[in-house]
Amino acid sequence: MTATPLDDAPAPSPVLPDLSTVDVVDLTRIICDIPSVSGDETALADAIEAALSRYDHLEVLRDGDAVVARTHLGRAERVVIAGHIDTVPVQGNLPVQVRPGEGSDAGDDVLWGRGTVDMLGGVAVQLHLAARLTAPTRDVTWVFYDHEEVASDLNGLGRIVRTHPDWVRGDVAILCEPTRGDVEGGCNGTLRLDVTLRGRTAHSARAWMGHNAVHDAWRVLERLAVHTPAEVEVDGLRYRESLNAVAIRGGIAGNMIPDTCVVEINYRFAPSRSVDDAVAYVLDVLAGIEGLETELTDAAAGARPGLDHPAAQEFLAAVREVTGAQVMPKYGWTDVARFTELGVPAVNFGPGDPLLAHADDERCPARQIRSVAAALEAWLDGESA
């Protein structure tokens, strides 16, 4: 029998420590160091599934690389708390480093590395509390999903909503996206629209024989440049919209007059607008420009904050008492909108500064991870049931 070379032996599967007793900051560092770039989440999903399966109070379900764990205590309400386990590609910023904080973080440890902000700090909070809270005041569904950082059709939460909607239904949902420990309600919607202008090609030495479509783009760009973004109040939160050209495509050779130019427009719109309303708004901004062809290439409705729901109000009270958190609108689109599709009001609440998400110097103060965990535990503390 020929021995298998050691170099060809499969790497051992990562094993997570006891989630109920491990320090939540240490757990953040551990899971960040497990490979989980989008498309490579299986090892972390396996570790999460195995770790959660140790606890008798949880039913553990799996769909691809998404793991769901939920209690069945017969409580009057069910809360869904979700986070994605994938990250954007690593840029020399793993393994995680623990460094002393500076400035406002002086006296605190700061975790530097990919995923500490977006969003494995939040996932560590979920895992820690899923194990610790054996008798929460509300039944809880903990969702750990894959493929958030890539194309929307691959999104693990979207897949569950389509194929197992009963897994993620509840009275209120919390997405542990980074918010610096503040609460960000709902989210803006987003759409992308291609605006095409047509010209006529010619040799660039005889430009008068053609019509330059790229030169015509100024008519679209001028409308966008002078446009004033709306601020729309929805359920007590003021959402700021934005309408921008994000790309221009035109021309095929340096000696040819381009006969086509495409201006790609991105519109971030308040959650009070439907996608159809948002498309109509963009077309109205462009009204009167002759010869435009438009194509909607991507769209996702926003999510109302739903902060008037009693469970959301109690959540806000608990968070404010523990962290003094502010309540703000979420300007970017997040997966809270997927819960809105199910009629579940949702907010964003997690550790980490969203401005550092995807950055090479991604980093999160340890105190934010601890305070988010403490706030959620205070809200769901089984001793008050």
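This is a predicted model: local features need pLDDT of at least 70, side-chain atom pairs count only at pLDDT 80 or more; totals for chains, interfaces and linings use all residues.

Reader: At what angle do α1 and α3 pack?

Author: Helix α1 (residues 24-32) and helix α3 (residues 120-132) pack at about 120°, and their axes are 8 Å apart. Helices (H or I, at least four residues) and strands (E, at least two) are DSSP runs, numbered from the N terminus. Axes are lines fitted to C-alpha atoms, for helices over the stretch in contact, and angles run from 0 to 180 degrees between N-to-C directions.

Reader: What do we call that arrangement of α1 and α3?

Author: The two helices, α1 and α3, are therefore oblique to each other. Angles under 35 degrees count as roughly parallel, over 145 as roughly antiparallel, 65 to 115 as roughly perpendicular, and the rest as oblique.

Reader: Which residues of α1 meet α3?

Author: Val24, Leu27, Thr28, Ile31 and Cys32 in α1 do; their partners in α3 include Leu120, Val123 and His128. Contact means heavy atoms within 4.5 Å.

Reader: New topic: is glutamate 184 buried or exposed?

Author: Glutamate 184 is buried, with a relative accessible area of 5%. Buried means under 20% relative accessible area, exposed over 50%, and partly exposed in between (1.4 Å probe, protein chains only). Glutamate 184 lies in strand β8 (residues 183-185).

Reader: And which side chain does glutamate 184 join in a polar contact?

Author: The side chain of lysine 330, at 2.8 Å. A polar contact is a pair of N or O atoms within 3.5 Å; within protein, one must be able to donate a hydrogen and the other to accept it, and residues adjacent in sequence count only if both atoms are side-chain atoms.

Reader: Now the backbone: where is a peptide bond cis?

Author: The bond from leucine 94 to proline 95 is cis, with omega near 0°. Another cis peptide bond joins aspartate 118 and methionine 119, with omega about -15°. Most residues other than glycine have a negative phi, and most peptide bonds are trans.

Reader: What is the phi of arginine 180?

Author: Arginine 180 has a positive phi of about 65°, although it is not a glycine. Arginine 180 is partly exposed, with a relative accessible area of 32%.

Technical notes
Residues are numbered from 1 along each chain as its sequence is written. Side-chain values use heavy atoms; hydrogens and water are left out.
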